[in-house]
Amino acid sequence: MKRRLIPAVVLLACTLGCREDMQDQPKYKPMAVSTFFADGRAARPVPPGAIAVDDIDQKPALSAGVVDGAFVTTIPVPVSVDLLNRGRDRYDIYCAPCHGRTGDGRGMVALRGFKIPADLSSDRVRNAPPGYLYAVITDGYGAMPDYSYQLDEHDRWAVVAYIRALELSRRTTLADAPPDARSRLEAQQ
């Protein structure tokens with residue numbers, strides 16, 4: 001018994017002597033001089049485009065779709081053809097399986113017997129402010145899961161813009177088209 005105890009005690013003594021804490025590791029202190037970097041500073045410059053943690057909530061309209069406790073009524077990013085194309089791309093990947101390509105709620109998931117999602121051109125959705133749609137995409141609603149990990153902030157606004165374009169396309173008539181486009185469309189018929 002004594003012979004087995006001696007190697008265990010020696011092993012325990014050796015492992016206790018090898019302890020190294022994070023505070024004991026080699027590191028630079030803030031504002032210290034460094035011979036490693038050419039500029040002589042240990043503190044590195046902030047990379048371009050870096051966002052400070054404190055700045056994240058400075059634009060709640062953009063990050064949450066809410067200002068002063070109310071949903072925003074306009075899309076807080078410039079709406080462009082590129083934004084709509086990105087929104088369509090993301091919509092086709094993440095939304096169309098349930099809501100359908102036209103937003104009518106008849107996607108593949110609904111056709112397979114699952115709960116039918118909202119028709120995105122219904123009066124309820126059409127009258128909802130863009131901030132509400134953004135919040136639903138971010139946090140989920142009912143049977144719809146949240147997509148905050150799949151879609152970043154910009155992509156969520158792109159999807160909201162595309163949903164608004166889908167709503168408009170489903171309710172427009174030939175009389176709504178500009179005169180030059182109307183004449184081309186009438187000639188095609």
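Ile75 touches Pro130, Trp157, Val160 and Ala161, leaving aside residues up to four places away in sequence; contact here means heavy atoms within 4.5 Å. Ile75 itself sits in the loop between strand 2 and helix 3, where helices (H or I, at least four residues) and strands (E, at least two) are DSSP runs numbered from the N terminus. The model is predicted, so local features need pLDDT of at least 70 and side-chain atom pairs count only at pLDDT 80 or more, whereas totals for chains, interfaces and linings use all residues. Residues are numbered from 1 along each chain as its sequence is written, and side-chain values use heavy atoms, with hydrogens and water left out.

At its start, a side-chain oxygen of Asp152 comes to within 3.3 Å of the backbone nitrogen of His154. Among the buried residues of helix 7 are Trp157, Ala158, Val160 and Ala161, as well as Asp155, Arg156, Arg164 and Glu167; buried means under 20% relative accessible area, exposed over 50%, and partly exposed in between (1.4 Å probe, protein chains only). Their cover includes helix 2, helix 3, helix 5 and helix 6.

A straight helix of 19 residues would span 27 Å at 1.5 Å a residue, but helix 3 spans only 22 Å between its end C-alpha atoms. A bend of about 50° is found in helix 3 at Asp92, taken as the angle between axes fitted to the seven residues ending there and the seven starting there. Leu83, Gly87, Arg90, Tyr91, Cys95, Ala96 and His99 are buried in helix 3, and the buried residues of this helix pack against helix 7 (153-171). Just after helix 3, Gly100 adopts a positive phi of about 85°.

The largest pocket has a volume of about 570 Å³. Of the 27 residues that line this pocket, those closest to its centre are His99, Pro117, Ala118, Tyr141 and Met144. On a 1 Å grid over the protein atoms alone, a pocket is an open set of points where a 1.4 Å probe fits, with protein on both sides within 12 Å along at least five of seven lines, and lining residues have an atom within 4 Å of a point. Grid points are joined across faces, edges and corners, and the volume is the space filled by probe spheres set on them. Helix 3, helix 5 (123-126), helix 6 (130-139) and helix 7 each supply at least two lining residues, with helix 3 giving the most, at 5 residues.

Two loop residues complete the account. Ser34, in the loop between helix 1 (2-17) and helix 2 (60-63), counts as buried because its relative accessibility is 4%. The side chains of Ser34 and Tyr28 are joined by a polar contact of 3.1 Å, that is, a pair of N or O atoms within 3.5 Å; within protein, one must be able to donate a hydrogen and the other to accept it, and residues adjacent in sequence count only if both atoms are side-chain atoms. The Ser34 side chain also reaches the backbone nitrogen of Phe37 at 3.4 Å. Asp68, in the loop between strand 1 (66-67) and strand 2 (70-71), is exposed, with a relative accessible area of 81%. Although not a glycine, Asp68 has a positive phi of about 55°.

Notes. Expected span 1.5 Å × (residues − 1).
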